[in-house]
Amino acid sequence: SRWFHFPLPLSNLNAQTLPCFATMKQPETTIFEGAMADITVYTARKIHTMEPSQPDGTAIAVRDGTILEVGSLESLKPWLDRYSHHVDTSFADKIILPGFIDPHLHPSMASVILPMQFITALEWKLPWGTSPAIGSRAAYLESLASFASTPDDRPFFTWGYHRDWHGEITRNDIDAICPDRPVVIWHRSFHEVIMNSAALARFELETDAISNHPQIDLETGKFFETGLRLAIAALNPILMSPEHFGLGMARLKQVAHFGGHTLVGDMGIGIFNFDVEWQAACASLDNADTPFRVHYTPNILALTPSGDFEETRAYIETLPSLNTDRLFFSDHVKLFTDGAFFSQLMMVGPPGYLDGHEGEWLMVPENFEAAARLFWHAGYKIHVHCTGDLGLELALDVLERLQFEKPRVNHRFTIEHLGLSTPDQIRRMKDLGALASVNIYYLHELSDIYAREAIGTARAHTMARVGTLSRFSIPFALHSDYTMAPAQPLNSAWVAVNRQNVTGAVVGPEERISIDQALRAITIDAAYVLGLEHEIGSLQPGKRADFTVLEEDPYDVPPTHLRDIEIWGTVFGGVPAPLDKN
């Protein structure tokens, strides 16, 4: 528990009721052998606490998975003179930071994608290998043919397609390469799939009901946004199978540790099947060899197929009863406004898209407002997926109405992603008390091509306005939305500090932030967004002994080197967990 509970009111605590408190003397300086677990002291070249009142140290004392104190061997003497301890110098030449936090990552989505064949426009580094960059339509189709055209009855799944690099690819294009084998191309955004004729037949997806859905185009084999949910229902027997999903969970565990995480946030459990996702997580992650915890936020859109949000609220109230030490729910929910950023389905205000197309709502505004009102009045911390400036406008309009109806302070209403925005909207976020969790990687991968092909230079270069958030003193986190970005917090910090895109150009330089701000956004400010700042995010007495160990000091290297700092591993609950470098 976070709180200490006394059997008597505090006003009754006096020498008569608690004589031992009144007469207690300072103990002699001695070692109490066996009184409690030994203290472990880790020494380091430098320890960055992310706490401005005591920013650094060279030694950290840990007992029973909890931090006792950070300082030096000399300043820790009051503890060390009294209790048995040992000094571990394994990190004497390394740098210790609070454990990295990704507050918006999708273990279930990653577990579905990671067993697939990656064919991606940019290079992807994974713990078990590297996926090379495939940057043209011809190269994509050639690569797809090389992987999928082999004789095999099993459906072939691939992830990473993006039409801005790979051109328009349809059911007919896939049929020309693979007429017999079912092929499912999962878009880079995850919000859409393209299937060939064999896959549509295999999964019985050519029905009248499906063909009339506004976000399904059977002629091209494309299922997107809410239409994707129908495709997922048909694909679930394979995606949720122990062979596929089990392999994905094992790989997700590697990916999370590879990035130096000690906590990740599943921002939307229930995408596929809540029970299967939770059971798989318990089997794969809730064990002693998992060196991180997972904070779960229910996906209200996916969990409300009937449209009855009150029924969903009653259900999610039961979820904390499932909590374990590593996997846990609290009082957070996730809602949605507009469509996927990578699919150019975000809702964009004037002057709109270059080609004149329109985005999509994930929740129609009336449903979004109804759900937000229900959970706001119930006291929940609401996270809202917003990618376009119109999506953000809807979220802020609703927040303003809710604040008028029932004013709340410290409500942690959080804008997730913050793809496109205006400075006026950021100021309005400040006025309304909103926070942000930002996918800064949009800027790196998409700013160049979106300037030319989607929204023009000005808006493309000011994606993910973390500089403006900083100027308005709005707490914000950086996240990956994995697999929308690499699950590597130092890479996210590198983008935020340098704002360098795939061409090497620095874009929107006024939106850059300092190294310290970027590191806070993957530690203490990320903890704050999840309401966990009282137990993780900084290295302070009483917090969990979770930290990330680096080979170089991020404050001392050139900003352009930030993403190249080698991660030794982590310490989780006071126990070292080195990365597997094999």
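Glu-206 is partly exposed, with a relative accessible area of 45%. Its salt-bridge partner is Arg-171, and their closest N and O atoms are 2.9 Å apart. Keep in mind as you browse that this is a predicted model.

**Salt bridges**
- The structure holds 29 salt bridges.
- Glu-206 and Arg-171 form a pair that links distant parts of the chain, 35 residues apart: Glu-206 sits in the loop between helices H7 and H8, and Arg-171 in helix H6.
- Arg-171 counts as buried, at 13% relative accessibility.
- Asp-152 pairs with Arg-154 at 2.8 Å between the closest N and O atoms; Asp-152 is partly exposed at 23%, and Arg-154 is exposed at 57%.
- A network of salt bridges links Arg-293, Asp-325, Glu-535 and Arg-544.

**Helix H15**
- The buried residues of H15 (residues 423-432) are Gln-425, Ile-426, Arg-428, Met-429 and Leu-432.
- Helices H14 and H18 and strands E20 and E21 are among the elements covering the buried residues of H15.
- Arg-428 forms a salt bridge with Glu-400, the closest N and O atoms being 2.6 Å apart; Glu-400 lies in H14 and Arg-428 in H15, so the pair ties together parts 28 residues apart in sequence.

**Nonpolar cores**
- Met-429 is one of the residues touching the most other members of the largest nonpolar core, which has 141 residues.
- The contacts of Met-429 include Leu-392, Ile-415, Leu-435 and Leu-469.
- A second, separate core of 15 residues includes Ala-44, Ile-60, Val-62 and Phe-547.

How values were computed: Residues numbered from 1 in each chain as written. Predicted model: local features only at pLDDT ≥ 70, side-chain atom pairs only at ≥ 80, totals over all residues. Heavy atoms only, no water. Core = buried A, V, L, I, M, F, W, Y, C linked by side-chain atoms within 4.5 Å. Buried < 20%, exposed > 50% of the residue type's maximum accessible area, 1.4 Å probe, protein only. Contact = heavy atoms within 4.5 Å. Helix = DSSP H or I, 4+ residues; strand = E, 2+ residues; numbered from the N terminus. Salt bridge = Lys/Arg side-chain N within 4 Å of Asp/Glu carboxyl O. Lists of a residue's contacts leave out its neighbours within four places in sequence.
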